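We will go stop by stop.

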Amino acid sequence: MEKFVITGGRRLEGEVIISGAKNAAVAILPAVILSDGVCRIENIPGISDVAVIVRILYELGANVKVINKSTLEIDPRHIASHVVPADLTKRMRASSYFMGAMLGRFNKARIAPPGGCDFGVRPIDQHIKGFEALGARVVIDGGMVDASAERLVGNPVYLDVVSVGATINIMLAAVKARGLTVIENAAKEPHIVDLANFLNSMGADIMGAGTDVIKIRGVEHLSGVTYSIIPDQIEAGTYMVAAAATGGDVLVKNVIPKHLESITAKLEEAGATVEEFDEAVRIIGPSRPRHCNVKTMPHPGFPTDMQPQMATLLSVADGASIVTESVWDNRFRYVDQLTLMGAKIQVDGKVAVIQGVEGLTAAPLHATDLRAGAAMIIAGLMARGVTEIEDITHIDRGYEDVTAKFSALGADIRRVKIINPNLRKAAL
Ligand code: EPU
């Protein structure tokens, strides 16, 4: 086991290069199953969630060749099984994308219900509604989700909630179905557009991705292609907030500034200066953040995956801020950790009222989930003293080379092995 040890109080300065988007990669890699040829996927982030997806592909029988640190060549033609290994599926939410991809390829899929970060209930009813609309029969059998159809047939699907996962899964299942599928009230996140672009480059016929109506006309074949994944909006946003929180001056490179607009606008409201370039943004932090209110919304609103980082910044703002979480039921579990550092935050259901304090002081912390873990790093960078963060496997799920990237910006952050106290006693 490992932990991060951070000595706070250093201003971040310099440049950071953003990796490929986690939430695009974990959709595009399973989508390769639908191809009749070899796909070369570039700009894949080196994170543990991607490693799990690649492992699943490998165990299903795909031939996976490592070309370099961020490029894989995947040949899915020998995959014969439609059953996804349960132990791996349970490790992450995005493993559910194998359901849509398997249905799209074999007209059947058998998979354990997906795991992932704990934000309260995480249903998949909208995914199932979509599969059923395409003619699949979906049953739960022996703790596994079983979906099958003679042949999937395109149909309209109206999503009751705007769901990223359901939108992606229905696209995957529909891309080779017979006829036209129309997803209404679809999610519009950048990774949905990226998946549609990838499928279209293979020969799919998808229109409207990035709007709330996506039209998918089924095709018979999808061919192998070379495709480069978009930069990670949330990794970029995390470094932007970290720069603002330390009063720093950071150039965040390899980004699509359009994807960052809601984060940029909020940081400017909080007193930071943000300059946009073609593929980079520069953030100059304020001496103390201004208070402001934040409400998370599906894209193009402020992303829920940036909520803990932004709330951490606002914990030292010059007044009271209200943060409303409108996507997940329970995404404030990290607040207790900030309170240990001297933050004044009251949570009532989906609303946190933050009374800004002058500064935070170091405390022993743990990462309650991926983005909360990133927020704890930001808190450690801001705080006076030495902060230790445990349970960092959550952070490794979504941030590539996190210590190297922060260290290059001048942060004092180290990854340290945790010595089991029983072993230490035995050694003495
Ligand atoms: N929902 C339903 N029924 C469903 C699906 C979703 O009621 O069948 C509800 C959820 O309970 C939630 C809301 O709809 O309240 C939105 O959930 P969504 O399906 O959009 O989330 P997801 O696909 O499970 C993805 C990201 C999350 C991100 C959310 C929202 C991936 C792999 N995960 O999750 O990212 O928070 O969209 O933007 O793309 C992260 O990267 O840290 C992360 C958690």
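Which N or O side-chain atom lies 2.6 Å from an oxygen atom of the ligand, and in which residue? Select aspartate 305: an N or O atom of its side chain is 2.6 Å from a ligand oxygen. Such a pair is a polar contact, meaning two N or O atoms within 3.5 Å; within protein, one must be able to donate a hydrogen and the other to accept it, and residues adjacent in sequence count only if both atoms are side-chain atoms.

Before moving on, note that this is a predicted model, in which local features need pLDDT of at least 70, side-chain atom pairs count only at pLDDT 80 or more, and totals for chains, interfaces and linings use all residues. Residues are numbered from 1 along each chain as its sequence is written, and side-chain values use heavy atoms, with hydrogens and water left out.

**Stop 1**

Now select the shell. It holds 26 residues, and the closest are Gln126, Ser163, Val164, Asp305 and Val327. By class, the shell has 13 nonpolar, 6 polar and 7 charged residues. Here Ala, Val, Leu, Ile, Met, Phe, Trp, Tyr, Cys and Pro count as nonpolar, Asp, Glu, Lys and Arg as charged, and the others, Gly among them, as polar.

Color four helices next: α1 (22-31), α5 (125-133), α6 (164-174) and α12 (370-382). Each supplies at least two residues of the shell. Helices (H or I, at least four residues) and strands (E, at least two) are DSSP runs, numbered from the N terminus.

The ligand sits in the largest pocket. A pocket is found on a 1 Å grid over the protein atoms alone, as an open set of points where a 1.4 Å probe fits, with protein on both sides within 12 Å along at least five of seven lines. A molecule sits in a pocket if more than half of its atoms lie within 2 Å of its grid points.

**Stop 1: helix α6**

Select α6. How many of its 11 residues are buried? The count is 10, and Gly165, Asn169 and Ala174 are among them. Buried means under 20% relative accessible area, exposed over 50%, and partly exposed in between (1.4 Å probe, protein chains only). At the start of α6, zoom in on serine 163: a side-chain oxygen there reaches to within 3.4 Å of the backbone nitrogen of glycine 165.

**Stop 3**

Go to α10 (residues 307-314). Why is this helix described as largely enclosed by the rest of the structure? Because 8 of its 8 residues are buried. Gln307, Pro308 and Leu314 are among them.

Step to serine 315, in the loop between α10 and β18 (320-324). Serine 315 is buried, at 0% relative accessibility. Its side chain reaches the backbone oxygen of threonine 312 at 2.6 Å.

Now select proline 300, in the loop between β17 (294-295) and α10. A cis peptide bond joins histidine 299 to proline 300, with omega about 10 degrees.

**Stop 2: around α1**

Select serine 19, in the loop between β2 (13-17) and α1. Serine 19 is buried, with a relative accessible area of 8%. Its side chain makes a polar contact of 2.7 Å with the side chain of glutamate 400. Then pick alanine 25, which lies in helix α1. Alanine 25 is buried at 0% relative accessibility.

**Stop 5**

Asparagine 43 is in the loop between β3 (39-42) and α2 (48-60). Its phi is positive, near 60 degrees, in a residue other than glycine.

Aspartate 391 is in the loop between β22 (386-390) and α13 (393-396). Its phi is also positive, about 60 degrees, although it is not a glycine. Aspartate 391 is partly exposed, at 37% relative accessible area.

Finish at asparagine 420, in the loop between β23 (412-417) and α15 (421-427). Asparagine 420 is partly exposed, at 36% relative accessibility. Draw a C-alpha to C-alpha distance to methionine 1: it reads 8.5 Å, across 419 residues of sequence.

Key
Near = heavy atom within 4 Å. 1 Å grid on protein atoms, 1.4 Å probe; cavity = no way out; pocket = protein on both sides within 12 Å on 5 of 7 lines; lining within 4 Å.
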